[in-house]
Amino acid sequence: MKVSICIPVYNFDVRELVFDLKKEIDNQKIDAEIILIDDASDVAFKSINEELNSHVEKQIFLEKNIGRSRIRNLFLQYSSGEYLLFLDCDVKIAGKTFLWNYISEINKHPDLELIYGSFTIDPQYASTLRNRYSVEREIFSGSRSYDFSLFKTVNFIISKKTLEKFPFDETLTEYGYEDFVFAKLLEQNKTKFLAMTNPVVHVDDTNNAIFLGKAETGMESLFRLSKNPQNSKLIKDIKVYKAAIMLKRLGCIPLFLSAYKAFEKKVRANLLSENPSIRYFDFYKLAVLVRKMK
């Protein structure tokens, strides 16, 4: 079984990640290739990562940024493995048998089409809003599960045939919900899925202000998804969307926004502080979304 390790790169030095992967490939004699596709990074990062040309199977530099969904689908054109292992560029390998853990699971259960390995947080960034949100809402803590709602795109392996059949939605060009929609599509088509403990370390230093901007972009992506009736089955279980729909059906959006406005400065001040509240973040996202829906 050959594995294509697929790393979309944007403004990040991936040398340590590649060398750690290469070390396990060589030590364990794993049949694997590493493919990098750079999504129009700044010149400085392109120059740094060009050093990896002789250490990877392929490194492609795109002239224009094509986004998180389209770039993942693009790996289908360059990969030769039966399985594609996707890793975010801003992760570190946590263990010496990271690749082998995936391969061993697939060898034992060849019917598996998608395995999600989860992630942990780099301790030096643990207090940021972005990473507090990950700890409370995103990180898979069990040893294994078949619950598709756990899936995130930071670290997963998928059968190439499955991704060819069910690619990422390329209409989602901006940040937000491409992983949720992808997982729902696979779940509805009864894809054989497993979440297991095989984490990478996520090194995300996004500050609170930038993450709030990303959250707003995510609400815009969700709003655009909601405008197409064909997406209703895919997004109906998103909590912020369910709350927004309930407010709209009850005719309570004006009341909610009026109440939120009275506390908006306090909410934003908290979210930009060193001790941000995830509960406040929930209300922040809901307010952004219902303002678009009113």
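Let's start with the sheet: 8 strands make up an open sheet with mixed pairing, running in the order β3-β2-β1-β4-β9-β6-β10-β8. At its edges sit β3 (58-61) and β8 (144-145), each pairing on one side only. Two strands pair here if DSSP finds at least two bridges between them. In general, strands of a sheet pair through backbone hydrogen bonds, either parallel or antiparallel.

Keep in mind that this is a predicted model, where local features need pLDDT of at least 70 and side-chain atom pairs pLDDT 80 or more, while totals for chains, interfaces and linings use all residues. Residues are numbered from 1 along each chain as its sequence is written, and side-chain values use heavy atoms, with hydrogens and water left out.

Zooming out, the chain holds 12 helices and 11 strands (DSSP runs, H or I of at least four residues for helices and E of at least two for strands, numbered from the N terminus). Some values for the whole chain:

| Item | Value |
|---|---|
| C-alpha box along the principal axes | roughly 60 × 40 × 40 Å |
| Radius of gyration of the chain | 20 Å |
| Accessible surface of the chain | about 14,800 Å² |

A compact globule of 294 residues would have a radius of gyration near 19 Å, so the chain's 20 Å agrees. That radius is taken over C-alpha atoms, and the globule rule is 2.2 Å times the number of residues to the power 0.38. The accessible surface comes from the Shrake-Rupley method with a 1.4 Å probe.
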